[in-house]
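Hi,

Here's the structure I said I'd pass on.

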Amino acid sequence: MIRFIKDSKSKSDAEHTFNRTGKVPEVNDRPRVFVTRQIMQEALDLVGTVAEMEVWPDEEPPAPEILRERSSGTDGILTNIMDRVDVALLDASPRLKVISQLAVGLDNVDVAEATRRGIPVGNTPGVLAKATADVAFALLMSAARRIGESERWVRRGEWTLAFHPLRWLGIDVHDKTLGIVGMGQIGLEMARRGRGFDMRILYHSRTRRPELEAEHGLTYVDLPTLLAESDFVSLHVPLTEETRHYIGEKELRRMKPTAILVNAARGPVVDSRALYTALKEGWIYAAGLDVTDPEPLPIDDPLLTLENVVIAPHVGSASLDSRGAMCMLAARNLVAGLQGRELERCANPEVYQMRDNSN
Ligand code: DGY
């Protein structure tokens, strides 16, 4: 049985229950879950095989107090990057057995606190790596070859001269140096794409990955070297306290004036004021951003006054296939958690160790 909440204001007259058989729902002891946004039906169907479910129907996320209220009394929640899963929510939800996040990034979830409470947190790595690297590479190419800027020019009706040998000159991508910051699955997919364009690949990562270096032609360097030597710097790190403003004025000033910065990770990894100045004053050539700080980017944000930046609205994983795979993986994680099984993809597997130790 799926319950869609029609209106967030008044629970009593706002909820209506929905039963595909058309029968009056029976009270039973199946686990209860809250799904914080509409997701693909197949994934909801899977969750519905084991649980009573409430699905938030609005495009806007539930306000924090509503999220807390809806989560209290549930055994599992299926969240996304706009839902704050913090101590207050966890305190309000003492029955919670699993948090399943529809994303690889978990900066909205207090994973450490969930771990302390023995609650497994699922996420969806792997299934979105290729799609996200595709978008990062598309932004890299658009910024280098000035696709966004020239497309706007065509639409403004300014294409009045068919061709000029010195017009719309950009920067070649092939045979250049690509510097990848963060060598997880998305970083590796980015490297593969770069190799396809005959690029030299440098990388910097919290954990060096020697096992990948020979096979994928990767060279590990420190961050200052990567910034100084790369023609393209592409960011693929999670947002943590250590990576907030990881790329600021000092780092941008180290880059070549012909270099392009790509961010398909999280907006706050880059100090956006410093980025604006860098783009405006020509410390770097251009930027391609799939993520911004804040999101959504307000229409009066200074970045939008610049031609040398291409901005996509956080669409890295937004392909039908990849979002479908993410929804199914998030649903499987949720079901596994409800059934007390190990999650297929778990961000805090230490909870299982803790359980073993306490048995
Ligand atoms: C993620 O998975 O973290 C993306 O940013 C949202 O799809």
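**Salt bridges**

D91, E113, R116 and R117 are linked in a network of salt bridges (a side-chain nitrogen of Lys or Arg within 4 Å of a carboxyl oxygen of Asp or Glu). Before you go on: this is a predicted model, where local features need pLDDT of at least 70 and side-chain atom pairs count only at pLDDT 80 or more, while totals for chains, interfaces and linings use all residues. Residues are numbered from 1 along each chain as its sequence is written, and side-chain values use heavy atoms, with hydrogens and water left out.

E113 is buried, at 13% relative accessible area, and R117 is partly exposed at 34% (buried is under 20%, exposed over 50%, partly exposed in between, with a 1.4 Å probe and protein chains only).

The whole structure has 25 salt bridges. Another one pairs E52 with R30 at 3.1 Å, N to O. E52 sits in strand 4 (residues 52–55) and R30 in the loop between strand 2 (15–18) and strand 3 (32–35), so the bridge ties together parts 22 residues apart in sequence (strands are DSSP runs of E, at least two residues, numbered from the N terminus). E52 is buried at 11% relative accessibility, whereas R30 is partly exposed at 24%.

R244 also has a partner, E241, with the closest N and O atoms 3.8 Å apart. Here R244 is partly exposed at 41% and E241 is exposed at 61%.

Cheers

Technical notes:
Helices (H or I, at least four residues) and strands (E, at least two) are DSSP runs, numbered from the N terminus.
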